[in-house]
Each structure stands twice: as C-alpha cells, then as structure tokens.
Amino acid sequence: MAEHKQNMGNLRSANSRFHDLTLRFVKILNAIVMTIPFAFAWYVYYADKIRAPYYRRGNWVIILLFLLLYVIFGRTYEAFMVSYNRISEMVYSQMLAVIISYAIYYVIFWLLAGELMPVWPLLLAILQSLFLSIAWSIFTHRWYFKTFKPRRTAIIWDEREGLDQLVDSYGLDKKFEVVKTVPVNECLEDLSVLKGIQAVFFAGIHSHDRNVIIKYCVEHKITSFIIPRVGDVLMSGARQMHMFHLPMLRLERYNPSPEYLFVKRLFDIVASLAALIILSPLMIVVALLIRKDGGPAFYKQCRLTKDGKKFDVLKFRSMRTDAEKDGVARLSTGENDDRITPIGKIIRKVRIDELPQLINILKGDMSIVGPRPERPEIAAQYEETLPEFRLRLQAKCGLTGYAQVYGKYNTTPYDKLQMDLMYISNPSLAQDLSIIFATIKILFLPESTEGVAEGQTTAMGTDDKSAKL
C-alpha cells in the first residue's frame, strides 16, 4: 500500500514537471514569435537608417534586447498565463506589451538616427504581431485544455461562500473541476475528504483551522489557493531575523527607508510635471467641453491621506453640479448613473477625470502610486463594521494603486483593504513601476469602472452577499 502511494506520488511529480516544462516552452515560443515582426522591421528598414549601422552581433543584440523588453512587459501584464486567462485577455495583454516595447524602441531609433524616423514599419509590425498573437493564443489555449485535464478541486469555506460560482463566471472551470464544496468544520473532522483532490481553494478560513488543512495538502502534494485575511497580508511584510537562537519575524507599521521615500518623491515631481506639460492640450480641451456642458470644469472634494490628514482632491467635473444636493456622500452606480453628464461618461471611461490630480501630486498631497484617497464620510461608514479599514492610511494616497489595478470600482471595502495592505506591506520602486505599467492595462477594461448597485451609497452592499464574495 505504501509502495502504491509512493508510485502515485512519483507519477504526480512527473506530470507536474512535464506540465511546467511544456508551459515554459510554449511561453518561450511566444516571445520568439512576437519578436519576428520587430526583427523584420529592423533588418529591412531601420538598421540602415541609423548613423552608425550595427553588423552581425550588434543586430542580434538589438533583437535580443527587444525580446527581453517584451518578456518583461508580458510578465507585468500576465500575458503568458495560458491556463488562467481567456484568449481575449492574453491577446490584449500581449499587444500592450508589444506596443509599449515598440514605443520605447522608436525613441531609441530616434536617438540612434538623430532624427524622427517613419513610424509605418512599426505599425505594420504591430499589425503582424496582432495576427500572430491571436493565432498563438487560440492554438495554445485549445492545446493546453485538450492536453491537461482540469484539476479535481475542492473549495473549503467558512465566512465566504460562492467561490464555486466565481470559478465558473471567470471561465476557470476548464482549469479547475470543482467536485467538492466543504465547510471547514467538516474538513477538519475528516481530512480524508481531500483524497484524490489536486487543488484546494480556502475561502475566509481562520488561520488555525487553515494551517491544519494546509499541512495535509503539502504532505499530499495538493496545490493550495488561499484568499488571505487581513492578518495574513500584514504578516507578508514581516522581516526575517534571528533572536535568542530562534527564527523570528519582525512586523511594524509602514516604515520604508528614507532613500525609497526620497526617490519616490523625486519621481512624483518629475513624472507629474512632465505629464502636466505633455497632457496640457488635452486637459484644456476637456475643460472647455465641460464648461460648454454647463457649470465649472473642476471640482474639489475632501479626501483622506496618510495618518488621516484631510486635503482637497482636484478632478474634472463629470457629474451634475447638484449630484449630491441631499448632502449624502455616495459612490457612482456606473455608466447608467443619471447624475453623470454626457462628457462625464467619456472622461470617466478612460480616467481623464483624474488628470487634475497631477497638480495634487506636484503639491505633495498625493503620490503617483498609493492607496486611493477615500472620502471621510464613506471611510467612516466602512470603519463602523470594518475598523481595520483605517490601516490604509499608513501611506500617502496615490493616483493609482494596487486595488485599482487588481480590483474594481465596486470592490468590497474588505478586499480593497487587503489589496492596499499588500502594497503597503512590501514597498519598493519595482512594485511602484509595476503598478504604473499595469494601470495602462485597466484603462480600457469596462469592468474596472463598474459602479455599485442601485440604491447603495458605498461598496458595502445592501445585503451580506457582497461581503461574502
């Protein structure tokens, strides 16, 4: 019996290694394929136009650097996640990586040639990349789910229900075959309910109970996916150390290094000033259109930043001037909100209404990256049932943030808090840059601006369902 279990374990390990190796090969193939149009444009047109042409190895360096750039942005936009993303998501992410990589290289070509170069070869290459991306995504998506059957999956839940519905709604039923949905107390009574299971989702389970099951999963080579609790996120920022000849984790309030804060502030000043100069024509046009629609172009609204300090955030007005005439602070219900003006619908869709906040950044009220500033009235409502919500105020608020990139406008306060704490717990310039580039991805995704339900004033919801999911 023991020998049979060992053989089954070895077989699972071999299948896992085969799965990982084939996926790596497929991702490498994508990077090579997407580099071909660029290589063609370089060799046929741009290579001969620069002042000091490259030869042999020099050309290869140019092409390999492009491949590396594409891979970096591809990873930022999760462009290679065949088993988790839909075909449309992969194509969208890959094309974003291609376009940004081409934009960077166009600047390089400009510097190498000493003059602006024609852009049509790169536009043609982008079009070729689009067809290659679609073909690669369709082929690999079908190949993957035909070759690898969905994992037998169990969902263990306590305070969160409905995760099985999310698996279906996000199209992950091809990846995870949910065969069991078990309350945590039943699982703890008999861990053998996980026999034959390949993946487990933990939803809203307290750490003590969860740890018992995790140990079983690790021992039996079951992959675990955990929705963290606030304490888990805070612990992710703990520093490893040794004291009393014992392993120790040191956890403290948000306290990044002075060097990080200096570079971050310097970047905020340079980036916001440059953006204001470049985008000023667009901002002037938007302001005139809003004025033509009636009422002022800008409006100020009190928001909270680090340590609960209040400041006035500046935005383009996208709603009627009497949007909150009853004095009640409320979130938007989305594009069907009758308080939003015609021009407001357009500027909200691509976040142009947020551009005046570049002035707030220049003044030092905000940073480019940080938790989004909340209104005092709405924050107070959240804190009545979620006192931990004020932990978001450890860091200066930002124009964009972790919750904006990976959540939605109507993300529940609890989940928004967790995502913001993920950022606060691990501050770094690399993470800031990653969030900045990832923000580009969500600008044209409609679900990222979904409003709250009709009749709600906040994202808490009018029932318990929003909190459970």
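1. The second largest cavity is lined by L304, T305, P371, R372, P373, R392, L393, A395 and C397. A cavity here is a set of points, on a 1 Å grid over the protein atoms alone, where a 1.4 Å probe fits but cannot get out, and lining residues have an atom within 4 Å of a point. Its space comes to about 30 Å³, a volume being the space filled by probe spheres set on the points, which are joined across faces, edges and corners. The lining divides into 6 nonpolar, 1 polar and 2 charged residues.

2. The model is predicted, so local features need pLDDT of at least 70 and side-chain atom pairs pLDDT 80 or more, whereas totals for chains, interfaces and linings use all residues. Residues are numbered from 1 along each chain as its sequence is written, and side-chain values use heavy atoms, without hydrogens and water.

3. The largest cavity holds about 40 Å³. Its lining consists of L304, E374, A379, E383, F389, R390, R392 and L393, of which 4 are nonpolar, none polar and 4 charged. The count of cavities of 30 Å³ or more is 2.

4. The largest nonpolar core has 42 residues, and I290, F316, I347 and Y423 have the most contacts inside it. Such a core is a set of buried Ala, Val, Leu, Ile, Met, Phe, Trp, Tyr and Cys residues joined through side-chain atoms within 4.5 Å; buried means under 20% relative accessible area with a 1.4 Å probe, protein chains only. Apart from this core lies another of 34 residues, among them Y45, I50, L69 and Y70.

5. Beyond four places in sequence, Y423 touches residues including Y260, K264, P371 and Y402, contact meaning heavy atoms within 4.5 Å.

Methods
Buried means under 20% relative accessible area, exposed over 50%, partly exposed in between (1.4 Å probe, protein chains only). On a 1 Å grid over the protein atoms alone, a cavity is a set of points where a 1.4 Å probe fits but cannot get out, and a pocket is an open set with protein on both sides within 12 Å along at least five of seven lines; lining residues have an atom within 4 Å of a point. Ala, Val, Leu, Ile, Met, Phe, Trp, Tyr, Cys and Pro count as nonpolar, Asp, Glu, Lys and Arg as charged, and the others, Gly among them, as polar.
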